[in-house]
Amino acid sequence: MSTSIILLIILIVGLAAYFSGRARAMASSNGKLSALHSLPGYHGVYVAIWSVLPAAVVLAVWLIASPFFVESALRASLPQEVTSQGAATTELTLGQVMSVANGLKLLNTDELAAVTNGSVNLRDALGAKGVPLAGDGELYMVKAAQDYNTMKENSRWAMSAVVLVIAIAGAVFALRGISAPFRARNRVERVMLGALLVASSIAILTTVGIIGSMLSEALRFFNSVSPSTFFFGTVWDPRFSAAGSGGTEGQFGLLPLLAGTLYIAFVAMLFAVPVGLFAAIYMSEYAKPVVRGIAKPLLEILAGIPTIVYGFFALITVGPFLRDISAQLNGLVTGNYVNFIQAQSVLTAGIVMGIMLIPFVSSLSDDIITQVPRSLRDGSLGLGATRSETIKKVVLPAALPGIVGALLLTASRAVGETMIVVLAAGVAARMQLNPFEAMTTVTVKIVNQLTGDLEFNSPQTLVAFALGITLFAITLCLNIYALYIVRKYREQYE
Amino acid sequence: MTDMTSSVQSAYVRPAQARRDIGIKRRYAAERRFRAYGVAAILTGLFFLFLLLWTVVSNGYTAFQQTAITLPIEFSEKIIDPKNERADNPAKLMTANYPLLVRDALVKALAIDPSNRALVKQATDMVSASARTQLRDIVIANPAVIGTTVDVALLAEGNIDSANKGQIDLKVAEANRKVKDQQLAWMKTLTETGAMAKQFNTGLFTYGASSRPEAAGIGVAALGSLYMMLIVLALALPIGVCASIYLEEFAPKNRLTDLIEVNINNLAAVPSIVYGLLGLSVFINFAGMPRSAALVGGLVLTLMTLPTIIIATRAALKAVPPSIRSAALGLGASKMQTIFHHVLPLAMPGVLTGTIIGLAHALGETAPLLLIGMVAFVVDFPGSPMEPSTALPVQIYMWANEAERAFVERTSGAIMVLLIFLVVMNLGAILLRRRFERRW
């Protein structure tokens, strides 16, 4: 029986349990519903929970655990001469037996008989069915594969039976407990509370998953490359060594990537902060409600546009524009029409990322500026200051901590941005200061290392996780500090 | 007397003039400048918004049209099935020489000497290589067509399509140009006879990935995106709502709750690419799920969307006034009943608004999908979320890396489709909020 059919059966049993629980509660009330502690529906749900929940848990545990048991039984059944040849050979043979096992299911009885008594070559027989085999199969493999198949089959039947029995037993047990004074609602609500708790712990689990998975993969990377050469290396050159070439090891220096990331983020902030901040000041202090009602949502459209669209914009419009205009400028000044800005450059990526960040800066600072109490403004205006003086000398200093928090949040977004830099910043890992040249970022290299054919154990792919955890750590610090500032600031004026 | 008054007046006026000189003008000028900076900042933002949209639309609106060449194709039995084997061996029809049919039709329509190989080659290059499968599908669907002549609208090759739309610079020397002068002349005659015409590009919405722009479409990618959105909706909405209810209504004020809160706020700001690394390492390497599958993409996007939904839901729950809760509790409802029967329904518009905005965000997300192998060349529609598929923004990314002019046009067209989806979703969220928002 397939898993989905078992699940369906459990659900049907649960549904039946619900109705019988409800009917039993009704019956035990002797026609007077007010005699019941809980509504009949709660009794029904109570019974249904008893039938579905344990069965589902057992099903899940069985599905996860049984492959391990079956595999270890198979491992034990391999002949001595295979297991004595070391772990690698054993794994290889194991994989072969499993593909034989898959292939055997496709054979009909005649072919199966021929294969079992060895009169037909196993490899040819399975190859004809579209199951490729790495080497010539041996007879013990057929036997092992057959055992493996039977074990899997048996496990599946046992699982179906056990799960069904548990579902029915749970329902019967719960049904027997139902009576008029039974507090079914309280029990059901306790289960619901448990479910709510589980749902909210998924947020924690995600963080644990992020840190755990990246840390473990990064540690595997640091087994082959020492952390000091990674964190302080100045050359990024992760060569993919050809198999068996003796492995000229690539160089994994983080610094050029980090420099590019911070440089591009800096250019982006240089563009986004003045524009966003002035837009926020104008909208919160000067604009009439009509203007604000139009301009604010329009600017926020910029935040809703997917970053891949910004990347395309950089690639198609901004990059070529900067390249051509630099060639023209150069031509006017020196007579030599050669562009000094590359199409893919720090400047291109920075400007386009800056455009993306404008709405973040403006709406975050807008919120913070409007939170500054009216009384501060009135005091300043009453003393004869102009509006701009009030803003510069009173409102902004009062809002400064909050704005710094907002800017840090924006910076964390700039550091973690991927699609714009993938398309606009280039892939050359260099350490230099010219904003007109291409540089690359941590996120670009994560994408580069993990797309394409990958062999998962090489440092070339594992380095992506080391880069990822570095990125995560940077943004985590920025975020936590920013959230702390923003929260503290909010409390100040509440 | 008059002397005195005048001296008093002058004594009174002089300091007033001195006071006026302390810089009111300068201060007002500074005020006007400051205001102008604000206006300039907003206009800069709006300018870039319109430039961005204009870039996409001006490059992309032509993608919704495609040049087709309608030719009378003679389904000659001599070419398709010379030995008359199709009754015994239907596979023969799959491998027949269909390009030859196209060639013959072109030679006839353009009156070319069939022995002039170079000329014939130039002519056949005008028709997309996908004509082969197109004719094959016609024959296989209806074998009776063999032996007759039928008008078939064949897709023009990508560069011919671009030239027909006026996107290829004809001033460039012929040798450096993808479209030759002879082909341009033929295009003119074909257009005059009505054989070559632009039609609505249905292929853009129905085809999958292809290395030939004229046969590439976003249909397959859109289906992958749809699968992922359904998974995100089915998982993130219930989990997000449950988590918010717990945190907002039940959670005791202690360290653990604080930790969860900080955590959720922080997760909302984690770079999306980190979620891709999580998906690759946990779902694919550890749990052994298939690469490139919409299922994994959906799970990753679910984790990414959850914080957004939780934050929106908590705000919506907070906005329901305590009087509702007190009334329900006072009438004897349990806490769980109060929340599920009264508070949650009242908060639902806010919850759905947050969910739609989260979904819109997930729909446009690209970076995590690149890491879990969805940068795949997927030609066929995935039958289930377990099969290899790709997503709309990933398709845009892959096309953006192609050099041909026809792909630029298609990239922009695909972006327009994506943006239309996003606009519709956001408008839906706004309307929902307008329609059901309550002021207490």
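Student: Which loop of chain B holds Ala111(B)?

Tutor: Ala111(B) lies in the loop between helix 5 (98–110) and helix 6 (117–124) of chain B. Helices are DSSP runs of H or I with at least four residues, numbered from the N terminus. This is a predicted model, in which local features need pLDDT of at least 70, side-chain atom pairs count only at pLDDT 80 or more, and totals for chains, interfaces and linings use all residues. Residues are numbered from 1 along each chain as its sequence is written, and chains are lettered from A and ligands numbered from 1 in the order in which they are written.

Student: Why is Ser292(B) called buried?

Tutor: Ser292(B) has 20 other C-beta atoms within 10 Å, and therefore counts as buried. Ser292(B) has a positive phi of about 65° and is not a glycine either. The loop that holds Ser292(B) runs between helix 13 and helix 14 of chain B.

Student: How do you know that helix 13 and helix 14 of chain B are oblique?

Tutor: Helix 13 (residues 272–286) and helix 14 (residues 294–319) of chain B pack at an angle of about 130°, with their axes 9 Å apart. Axes are lines fitted to C-alpha atoms, for helices over the stretch in contact, and angles run from 0 to 180 degrees between N-to-C directions. Angles under 35 degrees count as roughly parallel, over 145 as roughly antiparallel, 65 to 115 as roughly perpendicular and the rest as oblique. The two helices of chain B are therefore oblique to each other.

Student: Which residues make that contact, and of what classes are they?

Tutor: Helix 13 of chain B contributes Ser272(B), Tyr275(B), Gly276(B), Gly279(B), Phe283(B) and Ile284(B), and helix 14 of chain B contributes Val296(B), Leu299(B), Val300(B), Leu303(B) and Met304(B). Residues are in contact if their C-beta atoms lie within 7 Å. By class, eight are nonpolar, three polar and none charged. Ala, Val, Leu, Ile, Met, Phe, Trp, Tyr, Cys and Pro count as nonpolar, Asp, Glu, Lys and Arg as charged, and the others, Gly among them, as polar.

Student: Why are helix 11 and helix 16 of chain B also called oblique?

Tutor: Helix 11 (residues 219–250) and helix 16 (residues 335–363) of chain B pack at an angle of about 140°, with their axes 10 Å apart. The pair is therefore oblique. Their contact has twelve nonpolar, three polar and one charged residues.

Student: What makes Phe19(A) count as exposed?

Tutor: Phe19(A) has 12 C-beta neighbours inside 10 Å, and so counts as exposed. Phe19(A) is found in helix 1 (residues 3–28) of chain A. The C-alpha atoms of Phe19(A) and Val45(A), 26 residues apart along the chain, are separated by 8.7 Å.

Student: How many residues of chain B are in contact with chain A?

Tutor: 66 residues of chain B are in contact with 68 residues of chain A. Helix 2 (residues 24–60) of chain B gives the most to the chain B side, with 20 residues. That side divides into 47 nonpolar, 16 polar and three charged residues.

Technical notes
Contact = placed C-beta atoms within 7 Å.
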